[in-house]
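I opened this model to look up a few things and kept notes as I went. The entries follow in the order I made them.

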Amino acid sequence: MDIDAWVWWLIAAVGLGIPLVITAMPEFGMFSVGAVAGALTAGLGFGVVAQVIVFVVVSVALLAVVRPIAARHRQGQPGHATGVDALKGRQAVVLERVDASGGRVKLAGEVWSARSYAPDQVFEPGQQVDVVDIDGATAVVI
């Protein structure tokens, strides 16, 4: 039983699709699409050399075009800050006088110990302050 070349290309496409699903590496998907293009070329009656050239050209073209677009898209998405990183840059309300030695602020609905960023800064109750850092369980404010 002789199997046509296009069937072998489809088998290769499926074979390349399996690692795509397992590893979530999109490069395997691009190679799989290249193998499908090779199968189409074989189905149209072109020789092995043309099939391989089409496979390589389609795969490389997809790698050259799709990967940079995906990288730009991935960089454009802002990271989601969690934990204490999410508190940096937020505003707080002074509950007890805050200076370089300590104090209390209400930050994100919770009462936090706080200290001023600069040694000479003093904040009175009711003032709004900005959190610049979290040092342990203490908010550093300006």
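**Entry 1: a glutamine in a helix**

I started with Gln51, which counts as buried because its relative accessibility is 5%, under the 20% cut-off. I note here that the model is predicted. Gln51 sits in helix H3, which spans residues 48-76. Next I asked which residues Gln51 is in contact with, leaving aside neighbours within four places in sequence. I found Ala5, Trp9, Gly38, Thr41, Ala42 and Phe46.

**Entry 2: the transmembrane annotation**

I checked the record for this part of the chain. The unreviewed UniProt entry annotates residues 7-25 and 37-66 as "transmembrane region". I then looked up how the model builds each stretch. Residues 7-25 are 89% helix and 0% strand, and their end C-alpha atoms lie 24 Å apart. Residues 37-66 are 87% helix and 0% strand. For 37-66, I read 17 Å between the end C-alpha atoms.

**Entry 3: the C-terminal annotation**

The unreviewed UniProt entry places "domain: NfeD-like C-terminal" at residues 84-141. How much of residues 84-141 is helix, and how much strand? I got 0% helix and 59% strand. The end C-alpha atoms of this stretch are 14 Å apart.

**Entry 4: strand order**

I traced the strands. Five of them close into a barrel, in the order S1-S2-S3-S5-S4, with mixed pairing. From one strand to the next, the twist averages 50°. I took a closer look at S4 and S5. They run antiparallel and are joined by four bridges. Asp135 has Thr138, in S5, as its bridge partner.

**Entry 5: cores**

Which residues have the most contacts inside the largest nonpolar core? I noted Val105, Leu107 and Ala139, in a core of 14 residues. I then listed the elements that give two or more residues to this core: strands S1 (91-99), S2 (102-107), S3 (110-116), S4 (128-135) and S5 (138-141). A second, separate core has five residues, among them Trp9, Ala13, Ala35 and Ala39. Trp9 was already in my notes as a contact of Gln51.

**Entry 6: around Leu107**

Methods
Residues are numbered from 1 along each chain as its sequence is written. This is a predicted model: local features need pLDDT of at least 70, side-chain atom pairs count only at pLDDT 80 or more; totals for chains, interfaces and linings use all residues. Side-chain values use heavy atoms; hydrogens and water are left out. UniProt positions are given in the numbering used here, feature names are shortened, and annotations may be inferred rather than shown by experiment. A nonpolar core is a set of buried Ala, Val, Leu, Ile, Met, Phe, Trp, Tyr and Cys residues joined through side-chain atoms within 4.5 Å. Buried means under 20% relative accessible area, exposed over 50%, partly exposed in between (1.4 Å probe, protein chains only). Two strands pair if DSSP finds at least two bridges between them. Axes are lines fitted to C-alpha atoms, for helices over the stretch in contact, and angles run from 0 to 180 degrees between N-to-C directions. Contact means heavy atoms within 4.5 Å.
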